[in-house]
Amino acid sequence: MMAASPTVSGSLRDRLMITLIGGAAVLALLLFFAVRSYAVQVAQQGQDSILAASVTAMLDAAAIRDGEVEIDIPYAAFSMLSTPSDDRVFYAIYQDGAFLSGYNDLAYEAGKPLGVRSFQSGDVRGAAVRQVNASRTLIGANRRTEIQIALAQTQDAQSQTLDRIARNAAFLGVGFFALTGLLSLWASSVTMGQLNRLTTSVTRRGPQDLSPFQKPVPQEMAPLVQSLNSLMGRLDQSLSQSEDFIAEAAHRVRTPLATVRSYAEATLQRVKREENREAMRSMVRAIDESSRAAGQLLDHAMITFRADHLERETLDLRALVEDLVLRLTPIADMRDLSLAVAGDADVPFAGDAILIQNAVRNMIDNAIKYAPPDSTVTITVNAAPKPVIVVEDEGPGFNTDEIATLAGRFQRGSNAADSIGSGLGLTIAQDVATAHGGHLHLSNRPEGGACVSLQLSS
Amino acid sequence: MRILTTLVLILWSACATAQEWEDTQVFNDAATGPFLRIISSTDTALFAPLITSFVDENPNTRVAYFVTSTADVDRRLRDTPDAFDIVVSSAMDLQLKLVNDGFARQLPGIEHPDWATWRQSLFAFTAEPAAIVINRAAFAGAPIPATRQELIEALRDRPTAFRDKVGTYDVRQSGLGYLFATQDSRASDTYWRLMEVMGRLGVRLYCCSGDMIDDLTTGKIAVAYNVLGSYAAARPEVNDSLAVILPSDFPITMMRTAFVTAATAEASAAESFIAHLLATQAFGQGENLLLPPLTSEDAAEDRATIPLEPALMTFLDALKRRRFLAAWEDTMIQN
């Protein structure tokens, strides 16, 4: 019996992975933008502080000498503005708003409040610049004057630094993402591992093992395992009930039939009138048939149950067949038949002994039923190429057009009119072969008679 | 009449402009390809081999070479930025300011050491120290000075021998002279003491190194200060009578620089000229080089090469320049 495939909707692992990796991607992007914007801020602060230092050095060099403003710009004021990208420098010096020296196209923007250094980003001669504006009041002999300096520098080095930082931030983000991706892969496989372990331990159980799971499981899986345990408990109970039912039914049906038969036999001995004797004989035959049919039905039910829970053990097919032959010889003798065992001496096979016994007994039963008196039924056991048990008789054989359908349940051959049987014999043999992974093969012998082979390959 | 006057005026001014060049020369005049106009402060004789080897490799290219003083190079380029394709000058400060002010074109294809490049536009191709050049005859029997201090002592010891016989750049006219003077003044006070001594001896002021070396050879002056040693070295016939001294206390080394103008119409030809200039001259791979090659960075540190940095613009500030020239004149022009 195939287990029905469950309806699958989505994957727990995929959902877990998507959540974790998506989260990592968002975090990595956030990280990238945070680092970059922080770098922009820091770089801007760096440039601003150098510009501020430079403009302060220039203002410090301003003095009034003989009533005239002199600004002896220190060499270091411009030297400190050197950058790896050789940024351009522009400056303009104003006295009370009047241009003194430098670049007259660079305007001084007064800070707010007045006298405070102010920074701005702008454009000078087509180049993006950062500009600082600062002023200083000089007090001469008879007047106050304000020196105002605008100092601007292009931002090539800064943008190069920012590009580098952005690149590093990108690497950082990608690295973070990759690492988190690996981590989430690991995390989800660990989580799934717990589920897989449970699945494996369920799959590996023997057919009779319906005991509850004892291994520790994570807290989240405890309810599942608990439900599973309770389901198995109920299953175990219902299985033992049906086993009990089969045994009970066999007992209840067989015993009364045997009693009735023995009464009928006894009555037959006492009845003298021929028509009554004939009626009694028919009754005994009918009882036999019922008994056999009940037996086969129970056999079949048992086989159907056992086939789902095959219990394999290593057994010797030859020994099994010889044991059966020994037990069936009295029945064969009653019909003046002889049973012969042929084939390999030792045929080991891992299978369910009860089932195989049942199958072979039914096959021999059938042969005994159809074989003509004074003939031989031959049972051959072969190990190679695959274990096989062949039962041959010298009877009428199968109708060739019925061979394909004969093994169906309750099918009897058209030439079995006067033999007792419910038609389940070949069905049982077929079910046993299938349960072991093999099949039942029916054919007619060229010299006459039926040939039934039970292929047990697995 | 009026038209005639105007015409005469125009012709006169054209002639005057033409006459203002110290020298002009056209190389490979027959070529029909690109026409490169180089404005330079370097004497034609010293620069010609570089142009000749360039037109040998690029026979299509015609090159016109205009020579004028460093200050004039700066002035002319600012007046007519589109009249020239390449600017060569020894005044590093003026060159750097031209680049800063946006007159130069960036040449991303040129590979040159960082310390000899500014903004991938200005390329240094020589390293030339400022030297003291003396006429050996004037120092016969006396020790030859090796430092500025020794020169001061030598001049003080024999004031009569050196009266009217010392020379240096007129920093008011010469861009290179101004660069050397300002860098000198940054380094030590010795500069001002030396200038004072020279001023008392009735210093002769020159526009150019070439003139100073001429007067040294004729004996008109005995000592020239802050002259380009390379110009003297380029004249082997006078080497015996002159001695070139690199002051061992703090030598100052200038790098001659070149850039391609932003307004050039011959960008690719100009760039290949710069590439040729750097390949043959900068590291001394070419033959018959008359100018000293660029030294390696280590040697540059050792020789106190003036770095290419925005600080070069400091002494070009109008207020700063006015103040420096006032101090210089006070020291030098004594009556």
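1. In this predicted model, A:Asp156 counts as partly exposed, at 30% relative accessibility. The side chain of A:Asp156 meets that of B:Arg119 in a salt bridge, with 3.1 Å from N to O. A:Asp156 belongs to helix α3 (residues 156–203) of chain A, while B:Arg119 sits in the loop between β5 (117–118) and β6 (122–124) of chain B, so this pair joins two chains.

2. The two partners of that bridge fall into separate accessibility classes. B:Arg119 has a relative accessible area of 11% and is buried, because buried means under 20%. A:Asp156, at 30%, is partly exposed.

3. Over all chains, the count of salt bridges comes to 30. Among them is a pair within chain A, A:Arg281 with A:Glu274, whose closest N and O atoms are 3.9 Å apart. The cut-off for a salt bridge is within 4 Å, so this pair is counted. A:Arg281 is partly exposed at 30% relative accessibility, and A:Glu274 is partly exposed at 48%.

4. Salt bridges with shared partners also build a network. A:Arg65, A:Glu70, A:Asp72, B:Lys320 and B:Arg323 are joined into one network in this way. The names in this network come from chain A and chain B.

5. A further pair in chain A is A:Glu447 and A:Arg445, which form a salt bridge with their closest N and O atoms 3.0 Å apart. A:Glu447 has a relative accessible area of 58% and is exposed, because exposed means over 50%.

6. Two or more lining residues come from each of β8 (166–169), α7 (175–187), α8 (190–200) and β10 (223–228) of chain B.

7. Which element gives the largest share of the lining of the second largest cavity? That element is α7(B), with three residues.

Notes:
Residues numbered from 1 in each chain as written. Chains lettered and ligands numbered in written order. Predicted model: local features only at pLDDT ≥ 70, side-chain atom pairs only at ≥ 80, totals over all residues. Heavy atoms only, no water. Helix = DSSP H or I, 4+ residues; strand = E, 2+ residues; numbered from the N terminus. Buried < 20%, exposed > 50% of the residue type's maximum accessible area, 1.4 Å probe, protein only.
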